Amino acid sequence: MRECEKVLDYFNHELTEKEREEFERHLASCDECREEIEELQLLTEDLPFSTEPVDPPEGMKDRVLGAVFAEKESDSQENNVVSFEERRKEETEPKEPQPKRNNQRWVMRGLAAALTLSLLGNILVLTGGDEEVANEPPAVDSTDIVNQRVQLQGEATDASAIAAMIRQNDKNLLTLQAEQLDQLQGDEVYQVWLLEGDKPYRAGTFVANENGEGAVAYSMDDLPADADWDAVAISKEPDATSETPQGDVILSSSL
Amino acid sequence: MMALATVEKGCVMSNRDLEHYQKMIDGDKESLEAIYDKYEKLLYSFVIKLSSDPSLAEEVLQEVFIKLWTHKAKYDETKGKFSSWIVTITRYTAIDIIRAKKNESVSLEEETDMPEQQGDSVEDLVEWKEKSSEVRKAIDQLSDDQQKIVHLFYFQGCSQSKIAEECDLPLGTVKGRLRLALKHLKKHISTAEGGIRDA
Ligand SMILES: [Zn+2]
């Protein structure tokens, strides 16, 4: 696609990181595209005001401002500038690990960002029953290629999850983030499975935090490299050692 | 904030916004709160319109105000009104979060029924009050196809190829059709504004 044909997708944040950078270089030399973007901004500026009023839920102000003011304390060093068009710059720049943000902030980031190590660095990873926080500093200019991403769904649950296979620095990772999970009892864990035909392979274990959120990043290098995965699923297991699903599959998606 | 509701002119409001914004940059919590109070309902309602999902709206607002408070989003008054800026930030934050949460096909297949309205007043924000009915009327004056393309592009945040598919248009004509629809819309809105001023 010619660069000038990417105006709409640029405006709607539909470009990949790489495409966006290319397009921004193009913008520097193409008056026409710059004008078109300004024009779109201008022509759409009234549209939000067509919104029908909806009353916010009880207590929202306290919750939102509480979270906002808590943020400042852990973020005081950051001063990233985002332009008027609010490009997703802050999500592409490497960050120091910020323990205070671990619990919930990752869920709120864009999936594109969730798939980079800068975020995985903040995800609580549980392997073999030992809890550890993966705190590797993010690789600068790492090239993440999202090979596939799917949303997992289940019949009997409000829970949902998004899984993605990404290739990063020659490593294949399966990342998954889930929310609205039921709380676990005792040694129970959520186990991620990749299925080739009927054969399940363990692909990461995680627990839910008190908000019902859980996530895992699993290196797929231990799995058969030539596998043609048919499905990804999550089951609730009695502990983190199940070699095949013992509990019910709560969420799944074909691949 | 109630006093603002009696202020008639938009320019006074945006000066007040700028004042709050600048104090907020210096770390004044009350100024952020003032901005919050003024825009809460508009932004909340707007995100619901974008996502058809009230559960996302609070999260989006939180992210928006974190961006303001941590200076990740910077307002430049030479580039437009504060209100336009904050709704723009909100739209992009919503688009990015919605995309993160949902498989694209799921989000786009979802029907975007009008959310249930719980209040019919827009008393907190004069600009909203002034513009809402005229913008809605202007949208109503567009053809169905034009309404659809505007909705898919602006409120659904669809890609060009998705719009082409949904509207059964060749990819290359999407931009032209969209611009035409938006220009019509702007013309209807300006006419309506002119009408109000003349009256
Ligand atoms: Zn161009």
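This is a predicted model: local features need pLDDT of at least 70, side-chain atom pairs count only at pLDDT 80 or more; totals for chains, interfaces and linings use all residues.
Gly154(A) is partly exposed, since its relative accessible area comes to 27%, a value that lies between the 20% under which a residue counts as buried and the 50% over which a residue counts as exposed.

**Surroundings of Gly154(A)**
- Gly154(A) belongs to the loop of chain A that runs between strand S3 (144–152) and strand S4 (160–168).
- Although 96 residues separate Gly154(A) from Ile250(A) in sequence, their C-alpha atoms are 5.5 Å apart in space.
- When residues up to four places away in sequence are left out of the count, Gly154(A) touches Ile250(A) and Leu251(A).

**Zinc site**
- The zinc ion is coordinated by the SG atoms of Cys4(A), Cys30(A) and Cys33(A) together with NE2 of His26(A), at 2.1 to 2.3 Å.
- The site is tetrahedral, with angles of 104 to 114° among the four donor atoms, and along the chain the donors follow the spacing C-x21-H-x3-C-x2-C.
- Among the coordinating residues, His26(A) and Cys33(A) are buried.

**Strand S5 of chain A**
- Strand S5 (residues 171–179) of chain A is largely enclosed by the rest of the structure, because seven of its nine residues are buried.
- S5(A) pairs with strand S8 (residues 214–219) of chain A in the antiparallel sense, over six bridges, and Gln177(A) stands opposite Ala215(A) in S8(A).

Key: Residues are numbered from 1 along each chain as its sequence is written. Chains are lettered from A and ligands numbered from 1 in the order in which they are written. Side-chain values use heavy atoms; hydrogens and water are left out. Donors are N, O and S atoms within 2.8 Å of the metal (3.2 Å for Na, K and Ca); water is not among the atoms, so sites may look incomplete. Four donors count as tetrahedral if all angles lie between 85 and 135 degrees; four count as square planar and six as octahedral if opposite donors are over 155 degrees apart and all others between 65 and 115; anything else is irregular. Buried means under 20% relative accessible area, exposed over 50%, partly exposed in between (1.4 Å probe, protein chains only). Helices (H or I, at least four residues) and strands (E, at least two) are DSSP runs, numbered from the N terminus. Contact means heavy atoms within 4.5 Å. Two strands pair if DSSP finds at least two bridges between them.
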